[in-house]
Amino acid sequence: MILTLFISFLKVGLFSVGGGYAAIPLIQNQIVELLGLMTMAEFTDLITIAEMTPGPISINSSTFVGMRLNGIPGVLICTLGVVLPAFIICLTLAFFYYKYRNFSGVQTVLSALRPAVVALIAGAGLNILLLGLFNADKTSINFGDFRIIEFGLFAGALFLLRKYKLNAITVIFGTGVIGTILYAIF
């Protein structure tokens, strides 16, 4: 189990180009889909906690997965697995970037990676949205399972964030309180 977790998070750390949010679909693929170590609902709860916790989301996610699956050894192995590739790659790229930063090909490669990162983040967001609104993944949506309370909270939060530029933490806390009250009533 420890070796499997290390290799899985080594892959996540190696292929999550674009930061923590780009790692979410990779972690989901490894832990939920390939290995079946968590359900999608457990994974979504884990991502929610990882987003609310200070620090990089990929490290927080790997730490929570490691703790959930194998305790303290899992924390150490998963976190090391996700950090090690980035550490080695950053050291290597920093050396070469410093040496060749004026070369036009470097800027071209960086520009070409941006759309792929946006697509990875959008895909992860869509998966979480579908789970929240329909309790389903992208392959099996049943419109009869539409969750009106979650939709109202999502629409209200989106409106407050975009229109009034409220602090995200305030909105998260507020929707948590409102959702708790609504679920206690209904």
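Mentor: Let us begin with what lines the largest pocket: by class, its lining holds 23 nonpolar, 10 polar and four charged residues, where Ala, Val, Leu, Ile, Met, Phe, Trp, Tyr, Cys and Pro count as nonpolar, Asp, Glu, Lys and Arg as charged, and the others, Gly among them, as polar. Please keep in mind that this is a predicted model, in which local features need pLDDT of at least 70 and side-chain atom pairs count only at pLDDT 80 or more, while totals for chains, interfaces and linings use all residues. Residues are numbered from 1 along each chain as its sequence is written, and side-chain values use heavy atoms, with hydrogens and water left out.

A pocket here is found on a 1 Å grid over the protein atoms alone, as an open set of points with protein on both sides within 12 Å along at least five of seven lines, and a lining residue has an atom within 4 Å of a point. The largest pocket contains about 1600 Å³ of space, a volume being the space filled by probe spheres set on the grid points, which are joined across faces, edges and corners. Two or more residues of its lining come from each of α2 (20-34), α3, α5 (104-134), α6 (148-163) and α7 (168-185), these helices being DSSP runs of H or I with at least four residues, numbered from the N terminus. The lining has 37 residues, and those nearest the centre of the pocket are Thr-48, Glu-51, Ile-128, Ile-172 and Thr-175.

Leaving aside residues up to four places away in sequence, Thr-44 touches Ile-128 and Leu-131, where a contact means heavy atoms within 4.5 Å. Thr-44 counts as buried because its relative accessibility is 12%, and buried means under 20% relative accessible area, found with a 1.4 Å probe and protein chains only.

For contrast, turn to the second largest pocket, which has a volume of about 620 Å³ and a lining of 24 residues, with Val-17, Gly-18, Ile-89, Cys-90 and Leu-93 nearest its centre. In its lining there are 17 nonpolar and seven polar residues, and no charged ones. While α1 (2-15), α4 and α5 each supply at least two lining residues, the largest share, 11 residues, comes from α4.

Helix α4 (residues 57-100) is also the place of Val-65, a residue that is buried, with a relative accessible area of 0%. Beyond residues up to four places away in sequence, Val-65 touches Phe-9, Ile-27, Ile-31, Met-38 and Leu-46.

Key. Buried < 20%, exposed > 50% of the residue type's maximum accessible area, 1.4 Å probe, protein only. 1 Å grid on protein atoms, 1.4 Å probe; cavity = no way out; pocket = protein on both sides within 12 Å on 5 of 7 lines; lining within 4 Å.
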